Every structure is written in structure tokens, then in C-alpha cells.
Amino acid sequence: MTTTEEPTAAGAGASATEAFRATRRHTGGEATAERVDAVVRAVLAGVHQAIRDERVTYPEFQAAKQWLMDLGEGGEWPLFLDVFVEHVVEDVAAESQKGTKGSILGPYYLPDQPRLPSVTALPSRPDEAGTPLVFTGQVRDVDGNPVYGAELDLWHADEQGYYSGFAPGIPEGNLRGVVVADGQGRFEISTIQPAPYQIPTDGPTGKLIEAAGWHPWRPAHLHLIVRAPGYRPITTQLYFEGGQWLDSDIAEATKPELVLRPEPTGDGGLRSAYDFVLERA
């Protein structure tokens, strides 16, 4: 990596908070009082039961209050919720979803990236390190028909595990883009294979992970939002067969159906194919 400054949890947290507020993807209409009552009561009941089951002491309760304050002040709520909670929300959403399996969005999505043609290379630095990867495939509907107008909003970490927009020294938009598939839903994207990465550990989330004796690593993956007019978009991640941390993802977001099996191209690169299936909205 060409940066001279290391990314920090505070920096990443601030970027994630800003990006979340800017996208407004979370707005889905006003919840009814009955719905708020039901969900909040259920969450509080779970907390209350955990306190009783674990016989939580006052010092532990006060430490938890301080940690929650630190989490908010450090801008790490998006990170914490995306790592430890979002995969369950996604599981619930998947119960009514047909087609390609979904996965978590994560905290590193940035909207409004450049639109790219169906055969393209993701924006990258001239000296971008990493194993070249060609990623190909087709977007189809649940009946096997090509989906016209499909887009793949794609982003991933670099060879050091860092994301543009969340680590210093990486050009804006690096390894990000919206690829517009051709009339048959096909695409071919040249990029590099990303590295596994650890979530920021110098902030409150990292302190929790250390205190619990967990590891902070996520396996290497590609992030995608696949969408087309008239179809239900899919937010997902694609992983790599044999990758480190694949079976112990801290975010618990991996699924067998989302594992790529890249083949060597003979020139030091890799090539992998994956077809996406969308259902009508």
C-alpha cells in the first residue's frame, strides 16, 4: 500500500457514519406506533433476560454504559451493527427472496460511483498491487431469461484489505464502479483479487472483540448490489474458495452459495464466473 498514514477506527467510523446518512437507504417510511412498541419491547426483553441469565453486576452495567457512549462518540455504530447484527436482518429478508442469495451490505458502501460498460476494468491506481482477476457472468431472471438493463454496483478492498473512502491515501473511487451489463445481461470486469481484512480494532468495537477473545477478521470478498428496473435488487458478497477466515467470518455473512472458484489464466491472473438471478419486484 502506498499510504504513509495508517487508517484508524475513528476515521473509518466517521466515514461510515457520513456515508450511511448520505445514502438514505435506510428510509422505508414511518413505522407505526404498534410496530415500534413490538420491536422495542422484544429487544429490551432480550436485554433484560441476558442480564438475569448472566447475573450482570452494577460494575459490568456501568462498563457497558461507558462502552456504548464510546461507540457512539467514535462513530462506530454503523460498523458494530453491520458486523454483529446485519446478518440476522439479512436472514429474515432472505426468507421471502428468490434468486441469488443475499448477504450484508457492510459499512463501506459509497453510492454514485461512475457507470462503466459491460466489458470494463474497475478504476484503480496505475501501480495497483494484487493478483489480476477477471470476473464474468450474466444476470438472468428466475425463469432463466437474460435481464435487460441490469447493473452491478461493485466495490471491494485492495490487496492490503483497505477500502477507498475509508483509508487515507487511496484515490477516491478506487476499485469501485457501477457496471452496466449488455443487452443479454452479460458482463466482464477486470480488477484484482481483494485481501482479507480485519475490522478496525483500535476503537470500541475492537476493544469488545479483544475482551471477548474473538478474532476481528473477514475473508476476502467482492461486494455487489445487482439491480434492474422492475426487479428486486440483491445485495450480496462473493468469497473465494480456500480463503482464510472463510469458515470463521467475524460478521457471520458467508454462505456456501456465494463462494467463487477462480481458475488460473496462465499469465499469473485468475478468472471466475458467477451468474446472478433476480426476481420480479
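Visitor: What is the volume of the second largest pocket?

Guide: The second largest pocket has a volume of about 390 Å³. A pocket is an open set of points on a 1 Å grid over the protein atoms alone, with protein on both sides within 12 Å along at least five of seven lines. Volume is the space filled by probe spheres set on grid points joined across faces, edges and corners. This is a predicted model, where local features need pLDDT of at least 70, side-chain atom pairs count only at pLDDT 80 or more, and totals for chains, interfaces and linings use all residues. Residues are numbered from 1 along each chain as its sequence is written, and side-chain values use heavy atoms, with hydrogens and water left out.

Visitor: Which residues line the second largest pocket?

Guide: Its lining, meaning residues with an atom within 4 Å of a point, is made of Val47, Ala50, Ile51, Glu54, Val56, Glu60, Phe61, Ala64, Lys65, Trp67 and Leu68. Helix H2 (33-54) and helix H3 (58-73) are the elements that give two or more residues to this lining. Helices are DSSP runs (H or I, at least four residues), numbered from the N terminus.

Visitor: Which element gives the most to that lining?

Guide: H3 does, with six residues.

Visitor: And how many of the lining residues are nonpolar, polar or charged?

Guide: Eight are nonpolar, three are charged and there are no polar ones. Asp, Glu, Lys and Arg count as charged, Ala, Val, Leu, Ile, Met, Phe, Trp, Tyr, Cys and Pro as nonpolar, and the others as polar.

Visitor: Back to Ile51: where is it?

Guide: Ile51 sits in helix H2. It counts as partly exposed because its relative accessibility is 35%, between buried (under 20%) and exposed (over 50%), with a 1.4 Å probe and protein chains only.

Visitor: What lines the largest cavity?

Guide: Val83, Ile104, Gly106, Pro107, Tyr108, Tyr197, Ile199, Arg218, His223 and Ala251 do. By class, this lining has seven nonpolar residues, two polar and one charged.

Visitor: Last one. Is His87 buried or exposed?

Guide: His87 is buried, because its relative accessible area is 11%. His87 belongs to helix H5 (residues 86-94).

Visitor: And how many Å separate the C-alpha atoms of His87 and Glu252?

Guide: They are separated by 6.6 Å, although His87 and Glu252 are 165 residues apart along the chain.

Key: 1 Å grid on protein atoms, 1.4 Å probe; cavity = no way out; pocket = protein on both sides within 12 Å on 5 of 7 lines; lining within 4 Å.
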